[in-house]
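Student: Hi! Could you walk me through this one while I have it open?
Tutor: Happy to, let's take a look together.

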Amino acid sequence: MENAKIEDLKQDLISWISSQKNDVILRQIEDIKKYSEKDFWDNLSEVEKESIKLGKVDAGKGNLISQSEAKKQYEKWL
């Protein structure tokens, strides 16, 4: 998105948020803000972090498959 459109979007959102009276929407926006300020890594469990680390090691060793092959292998669960 070009800079001018982003600035217009920001101004539109600011105006819309300022006029909101719906507490639920405002809380949802607050949650988005809080979540976006955190590093996703901090929200992962130790098991998830270890799995990602192992995946990076595998990738470094060239143990990779294409997305289409992964879809074939895991199709029944998707």
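**A patch on the surface**

Tutor: This is a predicted model. On its surface, Met1, Leu9, Leu13, Trp16, Ile17 and Leu26 form a nonpolar patch, with about 550 Å² of accessible area together.

Student: Which helix gives the most to the nonpolar patch?
Tutor: Helix α1, residues 3-18, does, with four residues. Ile17, for one, lies in helix α1.

Student: And why does Ile17 count as partly exposed?
Tutor: Its relative accessibility is 32%, and partly exposed covers the range between under 20% for buried and over 50% for exposed.

Student: Okay, zooming out. How many helices and strands are there in the protein chain?
Tutor: The protein chain has four helices and zero strands. Along the sequence, the pattern reads α-α-α-α.

Student: Is the protein chain a compact globule or more spread out?
Tutor: More spread out, because the radius of gyration is 20 Å, well over the 12 Å that the globule rule gives for 78 residues. Along the principal axes, the C-alpha atoms fill a box of roughly 50 × 30 × 30 Å.

Student: What percentage of the residues is buried?
Tutor: Buried residues make up 3% of the 78 in the protein chain. The chain exposes about 7,400 Å², and carbon and sulfur atoms supply 55% of that area.

Student: Switching to charges: how many positive and negative side chains are there?
Tutor: There are 14 positive and 16 negative side chains. The centres of the two sets lie 3 Å apart.

Conventions
Residues numbered from 1 in each chain as written. Predicted model: local features only at pLDDT ≥ 70, side-chain atom pairs only at ≥ 80, totals over all residues. Heavy atoms only, no water. Patch = residues over 30% accessible without salt bridge, like charges linked within 9 Å, V, L, I, M, F, W, Y side chains within 5 Å. Areas by Shrake-Rupley, 256 points an atom, 1.4 Å probe, with all protein chains shown as cover. Salt bridge = Lys/Arg side-chain N within 4 Å of Asp/Glu carboxyl O. Helix = DSSP H or I, 4+ residues; strand = E, 2+ residues; numbered from the N terminus. Buried < 20%, exposed > 50% of the residue type's maximum accessible area, 1.4 Å probe, protein only. Rg over C-alpha atoms; globule rule 2.2 N^0.38 Å. Lys, Arg positive; Asp, Glu negative; His and termini not counted. Charge placed at Lys NZ, Arg CZ, Asp CG, Glu CD.
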